[in-house]
Amino acid sequence: MINEMLAYFAQGANWAGETGIPARLGEHLWYSFLAVAAAAVLAFPVGVFIGHTGVGKVYLVSASNVLRALPSLGIMTLLVLLMGIGLLPPLAALVLIAIPPILAGVYAGVANVDPEVVDAARAIGMKDSRIILQVELPLALPLILGGMRGAILQVVATATIAAYVNLGGLGRYIFDGLALYDYGQVLVGAVLVTALALVLDGLLALLVKAVSPARRAIAR
Amino acid sequence: MITFESVSKLYPGGTQAVTDLDLQIATGSFTVLVGPSGCGKTTSMRMINRMVAPTGGRVLIDGQDVADIRAVTLRLGIGYVLQNAGLFPHRTVLDNVATVQRLLGLSKAEARTKAHEAMERVGLDASLATRYPAQLSGGQQQRVGVARALAADPPILLMDEPFSAVDPIVRLELQQEVAHLQAEIKKTIVMVTHDIDEALTLGDRIAVLAPGGVLHQYAAPIDILARPATDFVASLVAKDRGFRTLSFETLTGLGTTALPVPDPEGIIDMSALSPGWSVQVNRDAGTAAWIDADGAVFGPHPLVPADASLRTGLDAVLASPTSAALLVDGTGTIGSYFTLADLGPLLRPNEQARA
Amino acid sequence: MNWLLDNLPQAMGLTVEHLYLSLVPTLIGVVVALGLGLAFGNRPRARAIITAVASAIFTIPSLALFVVIPSIIGTQILDPLNVVIALALYSASLLVRTVFDALDAVAPEVLNAAEALGYSHARRRIFVDLPLAVAPLAAGTRVAAVTNVSLVSVGAVIGVGGLGQLFVSGYQRNYPDQILAGIIVILLVALVFDRVIAVAARLLTPWLHQGAAANSGDGKRRRTSPAPVAPAPQELAASGREAK
C-alpha cells in the first residue's frame with residue numbers, strides 16, 4: 001500500500017494538468033478559503049456583540065455544541081439532493097463547522113479583556129465603538145487568531161468530503177481510490193491532507209505567537 | 001524542643017535564603033519568626049516539616065533529625081495553618097477539618113466526631129459543618145484552617161502568616177482567640193509574620209530575621225523592645241516603640257485613692273475627684289459607668305485588673321471622662337481608683353527604653 | 001420523518017451502532033487522558049512531548065485517519081475498530097490538554113496545604129487534584145463526545161458509520177427524507193450525551209453549586225471561590241475538531 005502510494009507520487013503525470021496534485025491542492029485551498037471567509041463574516045459580529053455586551057453568552061455553549069454535532073456529510077448530501085450538485089452544498093456544510101471555533105475565539109477574546117482596562121477606556125471618554133476597535137479587538141487578537149486557526153484546520157480536514165459529491169480537492173484521491181479499491185491512491189489523499197493541515201497549523205501557530213507578545217505588552 | 005543547628009539554605013541560582021541559623025524552640029512555647037519579605041522566615045519554618053530541605057546544618061525535633069523521618073509521617077504529626085487557609089474547595093468544612101484524622105487511618109465517623117470537637121474549640125458554629133469553603137467568609141475560612149491543623153492534636157503547630165489575608169477587625173479577633181487557645185492547649189507553636197505588632201502581641205519568644213535569613217535577635221518581646229540587639233531590630237520596632245513597651249510594663253507601685261462607700265443604689269459619689277460626678281459599678285460585666293452633674297451617663301468603661309499592663313491602665317484613664325479608672329485588686333475587690341497623675345511616675349522610667 | 005417512522009427497527013440498529021462507535025472512543029479518551037495527565041502533569045519535558053504529539057494527531061483529518069489506520073495496524077479497511085481507534089486518539093488528544101490545564105488550575109495553596117498536612121504525592125493526586133479537575137474535564141468531555149457523535153457518520157463513506165449510513169444510502173437513492181432522519185437522530189444522540197455528561201459532572205461537583213458565601217462581610221474573599229458554572233471562554237476556544 002505504501003509502495004503504491006510512493007509510486008503514485010513518483011509518476012510525473014500525476015502532478016500535471018487539471019487533475020494533478022497541484023490543481024487538487026489549489027481546489028482544496030480555494031474551498032477552504034471561501035468557507036472560512038464566509039464563516040468569519042457571519043461569526044465575527046456576533047462574537048464581538050456577545051463578548052462586549054455579555055448578552056446571550058449562556059446560549060453560546062449550547063449553540064456551539066449543536067453546530068458541532070451537525071454531521072457535515074449529512075448536511076452536504078441533503079443540500080445536494082435539494083439544490084443540485086454545485087459548490088454551494090459543501091460550502092454550506094464547511095461554513096457551519098467553521099462558525100463555532102471562530103465565534104468562540106472572538107467571544108472569548110473580547111470577553112477576556114481585563115474589565116479594568118475597558119473601564120479605564122470608558123473613563124477617559126471612549127465610546128463603545130472606539131473601545132471595541134481600539135481596545136478590545138487588539139487585545140483579543142491572539143484568541144481570535146486561535147479561533148481562526150481551529151476553524152481553518154477543521155475546514156481543511158473536512159473539505160475532503162466535497163469530493164463525495166463530485167467536486168475536486170484532495171478528497172478526490174480518497175474517494176476515487178476507495179471506488180477502485182486502489183488503497184495506494186487513498187493513502188495519497190490522506191497523506192496530502194494531513195501534510196497540508198500540519199503545514200497550515202505550523203504557520204498559524206507562528207502567526208499567533210507573533211501577535212501574542214504585543215498583547216502582553218499592552219495589557220501590562 | 002525544636003533545634004536549628006547552623007542551618008543554611010542556598011537556592012540554585014545563588015539566593016541565600018537562610019544563613020547559618022541556630023535556634024532552640026522550647027516545647028510549649030509560642031515562637032514568632034518575624035522580618036521583612038525575603039528574610040527566610042517562611043523557608044526556615046518550612047524546614048521543620050520538611051517542606052524545604054536545608055542545604056547545610058540540621059533541624060532536630062526532640063533530638064531527632066527531621067531528615068531521618070519519613071516526610072509524610074512527620075507532617076501528619078505537625079499542624080500547619082496557611083496564609084490563605086488552603087482549604088480543599090471540594091470538601092465540606094467538616095471533612096476539611098477531618099482530613100488529617102482520615103490520613104491517619106481513622107474511620108470517617110471517628111474522624112468527623114473529632115472534627116466536630118476541633119470546630120468547637122476554635123469557635124466555629126456546628127451549623128457550618130456542611131458548608132463548602134467557598135460559602136465561608138475569610139475569617140471563617142481561616143478558623144477552619146486552624147481547626148484542621150489542630151484536629152489531630154499534634155504537639156507542634158506551624159502557622160504561615162495566618163492572619164495577614166483577613167481584615168484588621170477579624171485579624172484582632174483571631175489573634176485573641178489563638179492566644180486564648182494557646183493558653184489552654186500549650187502546643188509548641190511556630191508562627192511566621194511580617195507584622196512586628198502581631199509578633200509582640202502573640203509571641204513568648206521572637207526571632208528577628210533580616211534579609212538573607214540572618215538571625216539578629218532571639219528574645220522575649222519586652223527585650224526586643226527594650227534592648228534591640230542590632231540597628232536592624234531597632235529599626236523594625238522603632239515606630240511606637242515607647243508606647244508598645246507599655247504593654248509589657250505592670251501597674252506595680254501604682255498610687256491609688258480609696259473609693260467612697262456606695263449609696264444604697266450602688267452609686268458612688270466621686271465629687272472628691274471631680275465636682276458633681278459619680279460612678280456606678282457593674283460587677284458582672286466588669287465595667288463602670290460615669291454619671292455627670294446633669295445625670296448624663298458615660299460608659300460603660302472597663303475596670304482595670306491590678307495585674308493589667310501599664311498600657312491597659314493608661315488606655316482606661318485616657319478613655320474616661322474624669323481621667324480616672326477603677327481598679328480591681330487580686331481578691332476581686334473594687335476598692336480604689338487611679339488617675340492620669342497617678343500613672344505619671346510609672347511612665348517616666350520608660351524614657352530610657354525610648355532613647 | 002416518514003422514513004424514520006417506517007424504518008424504526010433499522011434506525012434503532014444504526015443508532016445502537018452509532019452509540020457504540022462514539023461512546024467507546026470517548027471513554028477510552030477520558031481514561032487515557034487522565035492517566036497521562038496525572039502521571040506526567042508535573043514533568044515538563046514529558047508533558048511538552050505529549051502535548052506536541054496530541055496536537056499533531058489532532059491535526060490529522062478523520063477520513064485520512066480512518067483509511068490510514070488499517071495500513072498501520074493491519075486491520076481490514078471496513079473494520080469498525082479503525083473508527084474506534086481514530087476517534088479514541090482524537091478524544092485523548094483533545095482531553096489530555098484539558099487535564100493538564102485543569103491540574104494546573106488547582107490553587108497552589110491547596111496543593112501546599114495537602115503537602116503540609118501529610119498527603120503523599122499519589123494520594124494527593126487522587127483525592128485532591130482529581131476531584132478538583134472534574135469540572136473542566138467534564139466540559140472537555142462534552143465537546144469530545146458531541147464531536148465524536150458527529151464524526152462517526154463520516155465513517156459511512158468507508159462503510160462503518162452508524163447513522164451516517166443513512167446519508168450514504170439516502171444520497172445514492174436520492175431520498176432527502178432519509179438523510180434528514182439521520183441528521184435529526186444524530187443531533188438527538190449528541191444532545192443526550194451532552195446532557196448526561198453535564199448532569200453527571202454536576203452531581204460529582206456539589207461544591208460548585210452551593211451559591212455564594214452566606215456572610216461575606218467578614219474578611220476578604222479568597223481564591224477558593226467557586227469556579228463559574230458556565231465554561232470559561234478559553235475552554236470554548238480551545239476545543240473542537242472537524243465535525244463532519
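1. Residues are numbered from 1 along each chain as its sequence is written, while chains are lettered from A and ligands numbered from 1 in the order in which they are written.

2. Chain C has 10 helices and 0 strands, these being DSSP runs numbered from the N terminus (H or I over at least four residues for helices, E over at least two for strands). Of its 244 residues, 51% are buried, that is, with 20 or more other C-beta atoms, placed from the backbone, within 10 Å of their own. Among contacts in chain C with a separation of 6 or more, 73% join residues 24 or more positions apart, a contact being a pair of C-beta atoms, placed from the backbone, within 7 Å.

3. In chain C, helix α2 (residues 8-40) and helix α7 (residues 121-152) pack at an angle of about 150 degrees with their axes 9 Å apart, where axes are lines fitted to C-alpha atoms over the stretch in contact and angles run from 0 to 180 degrees between N-to-C directions. By class, this contact of α2(C) with α7(C) has 9 nonpolar, 6 polar and 1 charged residues, with Ala, Val, Leu, Ile, Met, Phe, Trp, Tyr, Cys and Pro counted as nonpolar, Asp, Glu, Lys and Arg as charged, and the others, Gly among them, as polar.

4. For chain B the mean pLDDT (the predictor's confidence in each residue, from 0 to 100) is 87, and 97% of its residues reach 70 or more. Residues 350-355 of chain B, however, stay under 50. Where pLDDT is low, the predicted coordinates should not be read in detail.

5. Chain B holds an open sheet of 4 strands in the order β2-β1-β4-β5, with antiparallel pairing, for which DSSP must find at least two bridges between two strands. Strands β2 (16-25) and β5 (64-65) of chain B are at the edges with a single partner strand each, so one side of each is left without a neighbour in the sheet. Between β4 (residues 56-61) of chain B and β5(B) there are 2 bridges.

6. Finally, 50 residues of chain A are in contact with 47 residues of chain C. On the chain A side, α9(A) gives the most, with 9 residues, and the residues of that side divide into 34 nonpolar, 14 polar and 2 charged.

Conventions: Predicted model: local features only at pLDDT ≥ 70, side-chain atom pairs only at ≥ 80, totals over all residues. Buried ≥ 20, exposed ≤ 12 C-beta atoms within 10 Å, placed from the backbone. Contact = placed C-beta atoms within 7 Å.
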